[in-house]
Amino acid sequence: MNRKSSFFDMQFITSSISTTMVLLLLGLVVYFVIAADKLSTYARENIAFYILIDDNTKETDILQFQKQLNQKPYVKQTTYISKNQALKEQTEAMGTDPTEFLGYNPFSASIEVKLNAIYTNTDSLRWIKNDIQSHKQVVELSYPQELLNAVNQNIQKLTIILLGLAILLTFISFALINNTIRLTIYSKRFLIYTMKLVGANWAFIRKPFLIRNIWIGIISAAAASSLLIGIAYTALKYEADLSIIITVKTMLLVIAAIFIFGILITSLCALFSINKYLKIKSSELYTM
């Protein structure tokens with residue numbers, strides 16, 4: 001076991017390849033769990049509602065009100081839309097100018113508000129609405145309550161599904177990697193027993209097996225991370241908008257999870273397996 005020529009043998013390569021595939025699959029699930037959270041935050045923070053302003057309010061007062069809104073902890077971003085801008089946008093949308101047959105601009109000035117994601121739940125929206133409507137220049141507050149409720153419900157369902165899948169895949173991954181390592185150590189059971197006969201202590205016998213499988217975990221994690229980076233790069237190359245959820249921070253978190261899981265699971269599986277064969281008797285070597 002301590003000879004360099006026997007370290008990177010065919011069993012090492014086979015174990016590394018199978019572990020890489022399992023870690024890649026696990027990494028994809030971890031990525032989707034993290035990306036789902038980012039996507040939900042993005043969706044919540046891009047659902048806007050509108051504050052319609054009294055027509056008698058001066059523009060300077062509206063801008064002052066907008067400034068006050070920007071200081072609120074629940075506000076992510078505000079945009080002032082003047083009467084003339086609202087008219088222009090609606091004219092472009094409808095293809096006709098309402099002032100031609102009405103004789104006046106029917107639209108009111110408004111402020112578009114986007115909230116921070118943590119304030120988009122039903123309870124927060126209720127007191128936010130009351131807070132904004134307490135200002136005298138506010139005529140009406142329009143926000144898509146049904147859309148927000150639908151987004152929140154779908155996000156909860158997706159989160160539960162992804163977490164369940166992640167837990168299930170973790171157990172499956174552990175079982176697959178454990179079986180691979182057990183088969184490898186099983187083939188060395190006579191060597192383990194021989195080392196026991198010559199007086200080697202358990203720590204000495206465990207060491208090369210643990211080191212070998214930790215290296216399998218490191219190499220497999222590096223290979224899985226490289227494949228995952230390649231997949232992310234290819235996805236960004238064909239769809240640049242995915243940069244919203246495929247970020248450097250997300251990739252680093254996923255890679256860290258792959259390395260931690262890869263090293264931890266291979267070392268633990270090796271430890272459990274080697275301990276099993278350290279306890280066996282000579283009569284059991286041929287019956288296992």
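**Entry 1: ground rules**

I call a residue buried when its relative accessible area is under 20%, exposed when it is over 50%, and partly exposed in between, using a 1.4 Å probe and protein chains only. With that settled, I looked at strand S3, where both faces are covered: Ser110, Glu112 and Lys114 on one side and Ile111, Val113 and Leu115 on the other are all buried.

A note for anyone reading along: this is a predicted model, in which local features need pLDDT of at least 70 and side-chain atom pairs count only at pLDDT 80 or more, while totals for chains, interfaces and linings use all residues. Residues are numbered from 1 along each chain as its sequence is written, and side-chain values use heavy atoms, with hydrogens and water left out.

**Entry 2: the whole chain**

I started with the inventory and found 10 helices and four strands in the chain. Here helices (H or I, at least four residues) and strands (E, at least two) are DSSP runs, numbered from the N terminus. Reading from the N terminus on, I get the order α-α-β-α-β-α-α-β-α-β-α-α-α-α. The radius of gyration is 31 Å, well over the 19 Å that the globule rule gives for 288 residues, so the chain is more spread out than a compact globule. For the record, that radius is taken over C-alpha atoms, and the rule is 2.2 Å times the number of residues to the power 0.38.

I also noted the span of the C-alpha trace along its principal axes, about 100 × 35 × 30 Å. Buried residues account for 38% of the 288 in the chain. The accessible surface is about 16800 Å², and 62% of it belongs to carbon and sulfur atoms; such areas come from the Shrake-Rupley method with a 1.4 Å probe, and for residues only the protein chains shown count as cover.

Next came contacts, meaning heavy atoms within 4.5 Å. Of those between residues at least 6 apart in sequence, 81% join residues at least 24 apart.

**Entry 3: the strands**

How do S1 and S3 run relative to each other, parallel or antiparallel? I found S1 (residues 48-53) antiparallel to S3 (residues 110-115), with five bridges between them. I count two strands as paired if DSSP finds at least two bridges between them. Across this pair, Ala48 faces Lys114 and Leu52 faces Ser110.

On S3 I also found strand S2 (residues 75-81), antiparallel to S3 and joined to it by six bridges. There, Tyr80 stands opposite Ile111.

S1 has another partner in my notes, strand S4 (residues 138-142), antiparallel again and over four bridges. Leu52 sits opposite Glu140 in that pairing.

I then checked how well S3 is covered, and six of its six residues are buried.

**Entry 4: Ser110 up close**

Is Ser110 buried or exposed? Ser110 has 7% relative accessibility and therefore counts as buried. Leaving aside neighbours within four places in sequence, I listed its contacts as Tyr50, Ile51, Leu52, Ile53, Thr79, Tyr80 and Ile81.

**Entry 5: a loop residue**

I moved on to Asn56, in the loop between S1 and helix H3 (59-70). With a relative accessible area of 73%, Asn56 is exposed.

Thr20 belongs to helix H2 (residues 10-45), and at 7% relative accessibility Thr20 is buried. Which residues does Thr20 touch, not counting those up to four places away in sequence? My list reads Ser220, Ala223, Ala224 and Leu227. Arg189 lies 169 residues from Thr20 in sequence, and their C-alpha atoms are 25 Å apart.

My other pick was Ala175 in helix H7 (residues 145-186). Ala175 is partly exposed, at a relative accessible area of 35%.
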